[in-house]
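Visitor: I would like to learn how to read a structure like this one. Please show me the model, and we can go from there.

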Amino acid sequence: MAMATGKLVVVLMMVIMLEGTRAISLCDMNDDGIEACRPSVTQPNPVDPTPLCCDALKGANLSCLCSYKNSMWLPSLGIDPALAMALPPKCNLHMPPDC
């Protein structure tokens, strides 16, 4: 019985580790796109978006991003929601009218 329990614990730990390595995807932006934009949406000294960040935003679902503007999820990732909402216009992208 102890051997079976030990095997189960090892399997569960492997599943948890694999889940932890899964890439983040947010509103059709992959982990690379999010990381490219992170310096522009992080306090205390945000910078202008890079071309790589703007390219990532071009493929993003901006309506989806708008849905997170009052969420606690963005701050939990270290992203300032106000800076995130100001980012698309800096990349010459138009925000959806309902945003």
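Visitor: Is Cys99 buried or partly exposed?

Guide: This is a predicted model. Buried means under 20% relative accessible area, and exposed means over 50%. Cys99 has 30% relative accessibility, so Cys99 counts as partly exposed.

Visitor: Which cysteine forms a disulfide with Cys99?

Guide: Cys66 does, with the sulfur atoms 1.9 Å apart. The link of Cys66 and Cys99 has -105° about the S-S bond and is left-handed. Cys66 sits in helix H4 and Cys99 in the segment after H6, so the pair ties together parts 33 residues apart in sequence. Cys66 is buried, at 8% relative accessible area.

Visitor: How many disulfides does the whole structure have?

Guide: Four. With bonded cysteines counted along the chain, the pattern is 1-5, 2-3, 4-7, 6-8. Among the four is the pair Cys27 and Cys64, with sulfur atoms 2.0 Å apart. The torsion about their S-S bond is about -65°, so this disulfide is left-handed. Cys27 lies in the loop between helix H1 and H2, and Cys64 in helix H4, so parts 37 residues apart in sequence are tied together. Cys27 is buried at 8%, while Cys64 is partly exposed at 22%.

Visitor: And empty space inside: how is that found?

Guide: Rolling a probe the size of a water molecule over the atoms shows where empty space is left. Here there is one cavity of 30 Å³ or more. The largest cavity holds about 170 Å³ of space.

Visitor: What lines the largest cavity?

Guide: Its lining has 14 residues, with Met29, Val41, Leu65, Ile79 and Ala84 nearest the centre. Helix H6 gives the most, four residues. The lining divides into 13 nonpolar, no polar and one charged.

Note on methods:
Residues numbered from 1 in each chain as written. Predicted model: local features only at pLDDT ≥ 70, side-chain atom pairs only at ≥ 80, totals over all residues. Heavy atoms only, no water. 1 Å grid on protein atoms, 1.4 Å probe; cavity = no way out; pocket = protein on both sides within 12 Å on 5 of 7 lines; lining within 4 Å. Points joined across faces, edges and corners; volume = space filled by probe spheres on them. Helix = DSSP H or I, 4+ residues; strand = E, 2+ residues; numbered from the N terminus. Nonpolar A, V, L, I, M, F, W, Y, C, P; charged D, E, K, R; others polar. Disulfide = S-S within 2.5 Å. Buried < 20%, exposed > 50% of the residue type's maximum accessible area, 1.4 Å probe, protein only.
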